[in-house]
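Colleague: Can you walk me through this one? I would like to start with the strands and then get to the side chains.

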Amino acid sequence: MSSCQLVVFNLGAEEYAVNISYAQEIIRVPKLTKIPNVPSFIEGVFNLRGKVIPVFDLKERFRVGKAERGVDSRLLILELDGMKAGVLVDDVSEVIIIDEESI
């Protein structure tokens with residue numbers, strides 16, 4: 001039986017998860033530099049150890065509201081196919097291990 005680890009995060013009242021192999025780190029939301037003439041779900045960019053990382057507001061992208069930064073808000077840094085991006089989430093709650101058959 002094969003299992004996988006998932007990082008569980010919240011967007012409003014909903015819980016989502018992403019495979020932990022894509023999650024590079026979880027950090028507090030830094031000061032972002034706005035970019036003109038981009039879609040509304042792109043919050044801006046920031047410098048992460050010499051690399052410019054774009055930041056996306058998943059609530060805005062999924063059309064479930066706008067990210068409201070609170071004390072629990074986090075930036076989840078994801079890497080896929082060599083590209084890094086940050087996604088704003090309301091909270092990162094846990095890392096879980098589940099059987100792949102149950103997905």
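Modeller: Let's start with β3 and strand β6 (residues 74-80): the two run antiparallel and are joined by 4 bridges. Keep in mind that this is a predicted model.

Colleague: Which residue in β6 is the bridge partner of E25?

Modeller: The bridge partner of E25 in β6 is I77.

Colleague: And what is the order of the strands in the open sheet?

Modeller: The order is β3-β6-β7-β5-β4, which makes an open sheet of 5 strands with mixed pairing. At the edges are β3 and β4, each pairing on one side only. From one strand to the next, the twist averages 25°.

Colleague: What does pairing rest on, in general?

Modeller: Strands of a sheet pair through backbone hydrogen bonds, and they can do so parallel or antiparallel.

Colleague: How do β4 and β5 pair?

Modeller: They pair in the antiparallel sense, over 6 bridges. One example is G44, whose bridge partner in β5 is V55.

Colleague: Time for charges. How many salt bridges does the structure hold?

Modeller: There are 3 salt bridges in the structure. As background, side chains of opposite charge can pair when their charged atoms come close.

Colleague: Which residue does R49 form a salt bridge with?

Modeller: R49 forms a salt bridge with E25, and their closest N and O atoms are 2.4 Å apart. R49 lies in the loop between β4 and β5 while E25 is in strand β3, so this pair ties together parts that are 24 residues apart in sequence.

Colleague: Is R49 buried or exposed?

Modeller: R49 is exposed, with a relative accessible area of 64%. E25 counts as partly exposed, at 21% relative accessibility.

Colleague: What about K34, which residue is in a salt bridge with it?

Modeller: K34 forms a salt bridge with E43, with 3.7 Å between the closest N and O atoms. K34 is exposed, at a relative accessible area of 59%. E43 counts as buried because its relative accessibility is 7%, and buried means under 20%.

Colleague: And where do K59 and D90 sit in the chain?

Modeller: K59 is in helix α1 (residues 58-61), and D90 is in the loop between β7 (83-89) and β8 (91-99). They form a salt bridge with the closest N and O atoms 3.1 Å apart. The pair links distant parts of the chain, 31 residues apart. Both K59 and D90 are buried.

Colleague: D90 makes me think of N10. What is N10 in contact with, leaving aside its neighbours within four places in sequence?

Modeller: N10 is in contact with E15, V89, D90, D91 and S93. N10 is found in strand β1 (residues 3-11) and counts as buried, at 18% relative accessibility.

Colleague: New topic: rings. How many aromatic pairs are there?

Modeller: The structure holds 3 aromatic pairs. One of them is F9 with Y16, which is stacked: 6.0 Å centre to centre, with 25° between the planes. F9 counts as buried at 6% relative accessibility, whereas Y16 is partly exposed, with a relative accessible area of 28%.

Colleague: What about F41 and F56, how far is it centre to centre?

Modeller: The distance is 6.1 Å centre to centre, and the pair is stacked, with 25° between the planes. F41 lies in the loop between β3 (23-27) and β4 (42-48), and F56 lies in strand β5 (residues 51-57), so the pair ties together parts that are 15 residues apart in sequence.

Colleague: How accessible are those two, F41 and F56?

Modeller: F41 counts as buried, at 18% relative accessibility. F56 counts as partly exposed, at 22%.

Colleague: What sits over the ring of F41?

Modeller: The charged end of R61 does, at 4.5 Å from the ring centre.

Colleague: Last one. Which residues do ring pairs link into a cluster?

Modeller: The cluster consists of F9, Y16 and F62, linked by ring pairs.

Note on methods. Residues are numbered from 1 along each chain as its sequence is written. This is a predicted model: local features need pLDDT of at least 70, side-chain atom pairs count only at pLDDT 80 or more; totals for chains, interfaces and linings use all residues. Side-chain values use heavy atoms; hydrogens and water are left out. Rings of Phe, Tyr and Trp (its six-membered ring) pair if their centres lie within 6.5 Å; planes under 30 degrees apart count as stacked, over 60 as edge-to-face and the rest as tilted. Buried means under 20% relative accessible area, exposed over 50%, partly exposed in between (1.4 Å probe, protein chains only). A charge sits over a ring if NZ of Lys or CZ of Arg is within 6 Å of the ring centre and within 35 degrees of the ring normal. Contact means heavy atoms within 4.5 Å. A salt bridge is a side-chain nitrogen of Lys or Arg within 4 Å of a carboxyl oxygen of Asp or Glu. Two strands pair if DSSP finds at least two bridges between them. Axes are lines fitted to C-alpha atoms, for helices over the stretch in contact, and angles run from 0 to 180 degrees between N-to-C directions.
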